[in-house]
Amino acid sequence: AYDGPQRWATINTFMAIISTGVGLGVSHRPSGLSVGITPVANFATLSTVRARNLDTSEDLYQPDGRLKEGRILLEDATDTALTWIAGLRWDAADWFGLGLTWHGGHTYDLRGRAYIQAGDDPEQTVDARAPLQVAHTIRGGLYVAPVEWLVLRPEFEWSNWSIMDTQTAVNNSPEDPGFG
């Protein structure tokens, strides 16, 4: 079907980052200060189907009537990484505390097979890679209990998603004429 301006869009995607970690924390009870750190093992996977015309037009057919649009399936691209979470908490009193955590970001170098079909040309299969940028995140929270029956817990979170500027799959097969 003709999909107009969505011709550059993703048709279908499966992406998962499975993370596991074990943290260590210490507390100095007289001051109410606690610190912790967690190494996190991450396992990322991506499969995606995209559509586009190689000449960047939105024409559905070539001048001779053949289908123009191409499809790219990047299948089972994977990468692993080690990231870190660090935190600090201060319990100043029984009724007041605050905490701050940082979760480190990472750029995954996802590598897999790409199946490329341009119009009705024969399908090509190449090794491909796609960078997947995950932002650094800072989280903070406050614990305030002005009376025994009321606890307020305001929180904030900031993630540096503006780093996501290179979401491009690249042909990673040096022997292929379309390398890069």
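Predicted model: local features only at pLDDT ≥ 70, side-chain atom pairs only at ≥ 80, totals over all residues.
Figure 1. Among the contacts that link residues at least 6 apart in sequence, 63% join residues at least 24 apart.

**Figure 2. A nonpolar patch on the surface.** The patch is formed by Val 26, Leu 33, Val 35, Leu 88, Trp 90, Leu 98 and Leu 142, which together have about 570 Å² of accessible area. Two or more residues of this nonpolar patch come from each of the elements β3 (33–52) and β4 (70–93). Leu 88, one of the patch residues, has its place in strand β4 and is partly exposed, because its relative accessible area is 45%, a value that falls between the 20% limit for buried and the 50% limit for exposed.

Figure 3. Thr 83, which lies in strand β4, counts as buried because its relative accessibility is 5%, and buried means under 20%. The side chain of Thr 83 is joined to the side chain of Asn 42 by a polar contact of 2.8 Å. When neighbours within four places in sequence are left aside, the residues in contact with Thr 83 are Thr 38, Pro 39, Val 40 and Asn 42, together with His 103, Gly 104, Gly 105 and His 106.

Definitions and conventions
Residues numbered from 1 in each chain as written. Heavy atoms only, no water. Contact = heavy atoms within 4.5 Å. Patch = residues over 30% accessible without salt bridge, like charges linked within 9 Å, V, L, I, M, F, W, Y side chains within 5 Å. Areas by Shrake-Rupley, 256 points an atom, 1.4 Å probe, with all protein chains shown as cover. Salt bridge = Lys/Arg side-chain N within 4 Å of Asp/Glu carboxyl O. Helix = DSSP H or I, 4+ residues; strand = E, 2+ residues; numbered from the N terminus. Buried < 20%, exposed > 50% of the residue type's maximum accessible area, 1.4 Å probe, protein only. Polar contact = N/O pair within 3.5 Å; in protein donor to acceptor, adjacent residues only side chain to side chain.
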